[in-house]
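Okay, thanks everyone for coming.

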Amino acid sequence: MVLKSSSFYDRAELEDLGFSRLGNNVFVSRYAKIYGLEHLSISSHVRIDDFCVISVQQPSTIGNYVHIGTSASMHCPRGFDIGNFAGISPGSRIFGTADSFTEGFLMHSLVPTEFRKVSESRIQLSNFSQIGANCVLLPAAFLAEGVVLGANSMLKSRTEEWGIYGGVPAKKIGLRTKVVNLPKLSTEHE
């Protein structure tokens, strides 16, 4: 993939930013905002589009052949792992932390912690998984290998391999055909 656009950092600029690890053929938009990039390990053949926001405070990984679409955001203090050949479609929101809306607690990041009830978890998108446009993932969301989450869905639980999920909250609505030659595909293109 060759992109000739000044809206992406060139290799030297990416290296100067201070990522934990940086693979080959990585494209990060100058209009993306990444907080905690010293914790972020990016593998090869990765594209992060305009207006994405990524915020991490723990080691996090992006695998090979991953596309994070325009205006996606990831707020994951405990970190995240995105597998190989996975994707996040435009407008999706991934929250590794969330305030409780019940039990009389106050909400949002500026409220002192003693007045809040917050749940946090590490988020995982396994190999070959895909999040459709404008989806929301909440703490404890886990996309198993090959899972697709349909557009405008909200996921707050674990999924089963090669399932198709959709709705609010997301439920299993079908099965995908497993990608063939997985071992060969996964190792040849690193």
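**The core and the strands**

So, let's start inside. The largest nonpolar core here has 40 residues. The ones with the most contacts within that core are Ile 48, Ile 62, Ile 68, Phe 80, Ile 82 and Leu 137. Keep in mind that this is a predicted model.

Let's zoom in on one of those. What does Ile 62 touch, if we skip residues up to four places away in sequence? The list is Leu 40, Ser 41, Ile 42, Ser 43, Val 46, Ile 48, Ile 68, Phe 80 and Ile 82.

Residues 40-42 make up strand 4, which pairs with strand 1 in the parallel sense over 2 bridges. In that pairing, Ile 42 is the bridge partner of Leu 22.

Next up, strand 6, residues 53-56. Which residues are on its covered face, and which on the uncovered one? Ile 54 and Val 56 are covered, while Val 53 and Ser 55 are uncovered.

Strand 6 pairs with strand 3, residues 33-35, in the parallel sense over 3 bridges, and there Ser 55 sits opposite Tyr 35. Strand 6 also pairs with strand 9, residues 73-76, again parallel, over 4 bridges. In that pairing, Val 56 stands opposite Cys 76.

Okay, happy to take questions.

How values were computed:
Residues are numbered from 1 along each chain as its sequence is written. This is a predicted model: local features need pLDDT of at least 70, side-chain atom pairs count only at pLDDT 80 or more; totals for chains, interfaces and linings use all residues. Side-chain values use heavy atoms; hydrogens and water are left out. Two strands pair if DSSP finds at least two bridges between them. Buried means under 20% relative accessible area, exposed over 50%, partly exposed in between (1.4 Å probe, protein chains only). A nonpolar core is a set of buried Ala, Val, Leu, Ile, Met, Phe, Trp, Tyr and Cys residues joined through side-chain atoms within 4.5 Å. Contact means heavy atoms within 4.5 Å.
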